[in-house]
Every structure is written in C-alpha cells, then in structure tokens.
Amino acid sequence: MRPFDSGHEDLIHDVAYDFYGRFVATCSSDQHIKVFKLDKETTKWELSDSWKAHNSSIVSIDWASPEYGRIIASASYDKTVKIWEENPDQEENSGRRWNKLCTLNDSNGSLYSVKFAPSHLGLRLACIGNDGILRIYDALEPSDLRSWTLTTEIKTLQTPPANNLQSDFCLSWCPSRFSTEKLAVCVLDQALIYQRGKDNKFQIIGKLLGHKGLVRSISWAPSIGRWYQLIATGCKDGKVRIYKLTERLANGESASESSNNMLDDFAQDKESLEPSLEIELLSEHDDHKSEVWSVSWNLTGTILSSAGEDGKVRLWKSTYSNEFKCMSVINAQQ
C-alpha cells in the first residue's frame, strides 16, 4: 500500500475508482470532490482536478459505466445528489474540468449513499438518506444528461430516525444481467433485498439476518461463472458477514443455472416464472475486533476487502470448500 496526500482539509468519507482503475475520486467533509489519475510510469496518483461540489459534507460518490461517458454522482448531507460530467477541453487542476449536469433535491433528509445501476439497466441511479426513502432516477434521454426523472420512491421506514440519533443507510445493485432487477438496501440495522416485479414496483423478497448494530456497508458481488450470488456486509457490531443467495424456480432448479443452460428459453419464459430466493449466511468474521466501515468485492467477485476501525484492510477469499478465509492483512497506518 502506497499512501499519497489527498489535499483534503477534513475527513474523507468515500473513495471510488472508475471502471478501468485509472482514475479515483474522493469526497470529504471539506465539501470538495477530488479526482486523481494514475501515472503509468511512476505508478503514483496525481491530482487531475478539485472543486467545491456541495454546501455540506459529501459522503458518497460513484462513477457511471464508461459507455455513458465520464460521469460522477455525489451525495451530501445538504440533501442533494449532483451529477457531474468531465469536460476534457478544460485544463487539469483548473477547478472547471467537471461540469454540473443537474441537482436532484427530492430528499427531506441528509443523504448517505448514491450508486449507479449496472449498465444493462440503462443510465439509472439510486440514493437513500435519513428520511428512509429509497429513490431511483433515470436519464430517459441519453442525448440530454441534464434531464433526470424520479421514477421510483420506496418508503423503507415507517418513521425516520431522530436527527440526534446515530444512523446509517447504504445500498448496492445486483450486477447480474441474468437476474431480475434487484437492490440490497441497508436501513439502520436491517439489510433488505428489493426486486422489481411485473407491475414495475419494488417488493421486499428477502432479508439478510444476523446484524446486531448499524450496517455500515454492503456490497453485491459480480457473479461471473457462479450459479448463486454473494453479498457482503460490514457492521457496527464488528463483523464482516457473507451471504449466499440462490434463486429457485418452481421446479426447484436454480434460476441462474437455467439461464446459463437455456438462455433463449429462459428469456422467453422468465416473465411467467416467479423464482423464490434462498438466503444463507455463509460466514461471519470478527477479525477487525472493532467497527467495520467498508466492504467491497473485486471485479470478478472472488476477493472481498474489508476496512475497519482497527486501521487495517483485510482481504478475504473462498476456499474450495466455499469457506471464506482472511488471506492478507494490510496495515493502513504508516
């Protein structure tokens, strides 16, 4: 691990790589977003641009799929999500290289998480905050990225938490293009699986049980070559949890196996099949011995990284017996 000076003047809340891993964006309580690029020769991160993006702490940031251009979404405690697009004609470090496309201000509370949907779902994003409402927006006109439409609102809590109480909200999209559109949404100490139904509305189809504190982070693994799905969570109770999700058709066959074996037939029949979701807690680990703040899978969904209040990053990998083991520990404190 090679540290570099971010130049932020306050706590960094989120870090996100672009699809190719050549750029990294950071956001902070100093109300600034910074974008760094990787110098191929020196392998060092160099500042590409920095700008004041919000009027309060920025706590979540995400890149859109590269097929839609160089686009970033940011969410802040100022109750807004902002969409940014890079203008390559502007000089680097000018503070003008990233232009604001639009501001989404439907939230009634501080926002905690924003994530773009997988590219096969179109240019779509979801956000959730302290009012407990999951909102999904679509850019219905790809030629006009300044126009976003609020298409879905889901009330995940009957009553939003009081402002003086500690709370947390996070979300992660299901990345599989062979599965019905799904989201994993964490609301305080609950982790819920939502699925879009035939009526175009989202319903809860499962819960990730076992959390004994606020769920700080959730990550849905890419399912390359697997007939089941994996989701990891990081919790305030100090544990990393890994769940296995299996969709079963009425005949008992795995929906993913069916899609792999009979793609054409399954594509025709999937509207008439209602797969049930089996959720199994594969493993839980308290190696951090402290609050777990972040979990994230690699692009192939084979290695999980977790970061905790102990100042360490731990890498987890499955054995042949489908048992996750800690394969490496990186000390973030230099």
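A residue counts as buried here when under 20% of its relative accessible area is left, and as exposed when that figure is over 50%. Keep that cut-off in mind as we look around this predicted model.

**The whole protein**

Let's start with the big picture. The protein has two helices and 24 strands. Its radius of gyration is 20 Å, close to the 20 Å that the globule rule gives for 334 residues, so the protein is as compact as a globular protein of that length. Along the principal axes, the C-alpha atoms fill a box of roughly 60 × 45 × 45 Å.

Of the 334 residues, 49% count as buried. The protein exposes about 16,500 Å², and carbon and sulfur atoms supply 46% of that area. If you take the contacts between residues at least 6 apart in sequence, 47% of them join residues at least 24 apart.

**A strand under cover**

Now zoom in on strand β18, residues 229-235. Seven of its seven residues are buried, so β18 is largely enclosed by the rest of the structure. In a regular strand, side chains alternate between the two faces of the sheet. For β18, Gln229, Ile231, Thr233 and Cys235 are on one side, with Leu230, Ala232 and Gly234 on the other, and all are buried. Both faces of β18 are covered, then.

What does β18 pair with? Strand β17 is one partner, in the antiparallel sense, and β19 is another, also running antiparallel to β18. Ile231 takes part in both pairings: it is the bridge partner of Trp220, and it stands opposite Tyr243 in β19. Between β18 and β19 the hairpin has four residues, and Gly238 takes a positive phi near 90° there.

| Strand pair | Residues | Bridges |
|---|---|---|
| β14 and β15 | 182-187 and 190-196 | six |
| β17 and β18 | 215-220 and 229-235 | five |
| β18 and β19 | 229-235 and 240-248 | six |

**An open sheet**

Strands β14 and β15 belong to an open sheet of four strands, in the order β13-β14-β15-β16, with antiparallel pairing. At its edges are β13 (169-173) and β16 (202-207), each pairing on one side only. On average, neighbouring strands of this sheet are turned by 30° against each other, direction ignored. Inside the sheet, Ala184 has Ile193 of β15 as its bridge partner.

**What the record says**

In the model, residues 51-94 are 0% helix and 45% strand, and their end C-alpha atoms lie 9 Å apart. Residues 208-245 are 0% helix and 50% strand, with end C-alpha atoms 10 Å apart.

Definitions and conventions:
Residues numbered from 1 in each chain as written. Predicted model: local features only at pLDDT ≥ 70, side-chain atom pairs only at ≥ 80, totals over all residues. Heavy atoms only, no water. Pairing = 2+ DSSP bridges. Axes fitted to C-alpha atoms, helices over the stretch in contact; angles between N-to-C directions. Rg over C-alpha atoms; globule rule 2.2 N^0.38 Å. Buried < 20%, exposed > 50% of the residue type's maximum accessible area, 1.4 Å probe, protein only. Contact = heavy atoms within 4.5 Å. Areas by Shrake-Rupley, 256 points an atom, 1.4 Å probe, with all protein chains shown as cover.
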